[in-house]
Amino acid sequence: MDDDVFTDISGKPISLDCQTHSSFCREFTVSSPKVSIGKVVVYTCSVWVIAYIVFFFTENTAVLSSAILITLVGMMLHIHLVKVDHESLLVIGSLGIQVTSNYASGRETTTFIEKNKIKDIVINEAIYMHQIIYYLCVLLKDPSEPNAVSSVVPLFQSSKPRLNCLVKVYRSCQEILSKC
């Protein structure tokens, strides 16, 4: 799977890594590019230039201090809460599915879905802004009615891979889940 080129819905390159741990266990990792230092410098300089222009006319030093503080807090929040470095999907045929998101700050969130709660894994489509996108999701069984779907859990929400990447993951997941 490493020889294919994958992109997200915006056309930015992403990578898909597939590790086969056994015939009933595979891990898929979608990685996004790291934070661009160029973008960080441009945003920081823009905020500081605007703050300096305001300071020039108002001669209030609080404007400069506020700009520095806002920039630093904004960057820290972005890295800790928004910027996901990679997302992984661990499919274990007999147990269930584990979804993990690793943030740029090192923070990690993990969710496990038990096999008996999974109805199916499907590729769904949605309207996003002015385009139709595809996303991989887990359909959860409704406990009261076995043939109904109680909820949908989208996968790879931050990296938003295109259909060609999703199809590879989907086929592998179906192969593993069909064996159990």
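Mentor: In this predicted model, β7 and β8 form a hairpin with 2 residues between them, and M129, which sits in the turn, has a positive phi of about 60°. Strand β7 covers residues 118–128 and strand β8 residues 131–141, and the two pair in the antiparallel sense over 10 bridges, where strands are DSSP runs of E of at least two residues, helices are runs of H or I of at least four, and both are numbered from the N terminus; two strands pair if DSSP finds at least two bridges between them.

Residues are numbered from 1 along each chain as its sequence is written. Local features need pLDDT of at least 70 and side-chain atom pairs count only at pLDDT 80 or more, while totals for chains, interfaces and linings use all residues, and side-chain values use heavy atoms, with hydrogens and water left out.

Turning to the whole, the protein chain has 3 helices and 9 strands, in the sequence order β-β-β-α-α-β-β-β-β-β-β-α. Its radius of gyration, taken over C-alpha atoms, is 21 Å, well over the 16 Å that the globule rule (2.2 Å times the number of residues to the power 0.38) gives for 180 residues, so the chain is more spread out than a compact globule. The C-alpha atoms fill a box of roughly 70 × 40 × 35 Å along the principal axes.
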